[in-house]
Amino acid sequence: MFLILLNNRLHLAPIQSPQKILDLGCGTGIWCMDMSDEHPGAEITGIDLSPIQPSFTPPNCKFEIDDITSPWTYPPSSFDLINIRSLYGSIANWPALYAEIYDHLQPGGYLHQLEMSIQFKSDDGTLTPDHVLSQWSDVFHEASDKFGKSFFEVWNLSTYVRNQGFVDVVEEVYKVPVNGWPADPHMKELGRWNFLHCSQGAEGWGLFLLTRVMGWSPTEAQVFIAKFRNGLKERKVHAYFEVVTFHARKPGA
């Protein structure tokens with residue numbers, strides 16, 4: 001979905017030949033492996049809390065299990081590109097993370113980040129405040145506040161990056177439809193992938209926050225998730241959410 005969104009690019013940072021690349025919260029490792037193929041002369045490291053990465057990887061790609069919110073153990077100025085994709089809801093203190101990133105980028109190195117807003121919207125009024133997609137946004141914004149890792153932070157991140165001392169900050173906001181409702185072929189394809197993303201991801205995103213944080217019963221949570229999945233299918237509701245990308249440079253060489 002993100003490859004389609006970025007027109008088949010893995011990132012938007014204006015760096016020509018990165019040599020040491022770090023991916024924070026790498027998940028399955030797919031971005032790292034794609035970057036390894038694209039930059040065979042670079043060394044790519046992916047970090048995640050969960051050991052879900054494949055053991056068979058390109059020779060210039062490695063994975064480490066670690067918590068990026070703990071103090072980093074890499075030497076300063078170790079990397080010339082650091083990537084973040086979809087860490088929304090995982091970080092309690094973004095400025096502290098950006099301080100680590102700043103210290104561990106080489107002068108002239110780049111941070112690239114892509115995050116999703118969970119606020120469903122429509123531009124034509126077809127998404128009403130009482131629709132299940134609107135309710136979903138409201139409930140999970142409340143849950144994230146209670147959990148101490150607010151989803152609203154997506155709109156503050158580029159400000160934190162500037163405050164840290166990064167320069168040449170370029171931010172882009174994209175609309176991603178929730179299903180194939182748009183007439184435009186590119187947006188329609190994006191929406192079809194996003195429908196798969198949302199419908200398959202809903203239970204994984206929802207159960208912990210709804211039961212442990214909001215205090216719902218498992219049955220109440222499952223019913224809400226089922227209603228959400230049905231709401232995603234409605235073509236007459238022209239819903240989308242926004243994806244924010246930005247890249248920023250550490251001053252220097």
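1. The axes of helix H6 (residues 185-213) and helix H7 (residues 218-232) cross at roughly 160° and come within 9 Å of each other. Axes here are lines fitted to C-alpha atoms, for helices over the stretch in contact, and angles run from 0 to 180 degrees between N-to-C directions. Helices (H or I, at least four residues) and strands (E, at least two) are DSSP runs, numbered from the N terminus.

2. A word on the source: this is a predicted model, in which local features need pLDDT of at least 70 and side-chain atom pairs count only at pLDDT 80 or more, while totals for chains, interfaces and linings use all residues. Residues are numbered from 1 along each chain as its sequence is written, and side-chain values use heavy atoms, with hydrogens and water left out.

3. How are H6 and H7 oriented to each other? They are roughly antiparallel (angles under 35 degrees count as roughly parallel, over 145 as roughly antiparallel, 65 to 115 as roughly perpendicular and the rest as oblique). Their crossing is right-handed; a crossing is right-handed if the near helix is turned clockwise from the far one by less than a right angle, and left-handed if anticlockwise.

4. On the H6 side, the residues in contact (heavy atoms within 4.5 Å) are Phe 195, Cys 198, Ser 199, Ala 202, Glu 203, Leu 207, Leu 210 and Thr 211. They meet Pro 218, Ala 221, Gln 222, Phe 224, Ile 225, Phe 228, Arg 229 and Leu 232 of H7. The residues of this contact divide into eleven nonpolar, three polar and two charged (Ala, Val, Leu, Ile, Met, Phe, Trp, Tyr, Cys and Pro count as nonpolar, Asp, Glu, Lys and Arg as charged, and the others, Gly among them, as polar).

5. In H3, Trp 94, Pro 95, Tyr 98, Ala 99 and Tyr 102 meet Leu 157, Tyr 160, Val 161 and Gln 164 of H5. By class, this contact has eight nonpolar residues, one polar and no charged.

6. Helix H2 (residues 30-38) has as its buried residues Trp 31, Cys 32, Met 33, Met 35 and Ser 36 (buried means under 20% relative accessible area, exposed over 50%, partly exposed in between, with a 1.4 Å probe and protein chains only). These buried residues pack against S1, strand S2 (43-48), strand S3 (61-65) and S4.

7. Leaving out residues up to four places away in sequence, Asn 83 touches Leu 22, Asp 23, Leu 24, Trp 31 and His 112. The side chains of Asn 83 and Asp 23 are also joined by a polar contact of 2.9 Å (a pair of N or O atoms within 3.5 Å; within protein, one must be able to donate a hydrogen and the other to accept it, and residues adjacent in sequence count only if both atoms are side-chain atoms).

8. Ser 77, in the loop between S3 and S4, has a positive phi near 55° although it is a residue other than glycine. Ser 77 is partly exposed, at 33% relative accessibility. Ser 86, in the loop between S4 and H3, has a positive phi of about 60° and is not a glycine. Ser 86 is partly exposed, with a relative accessible area of 25%.
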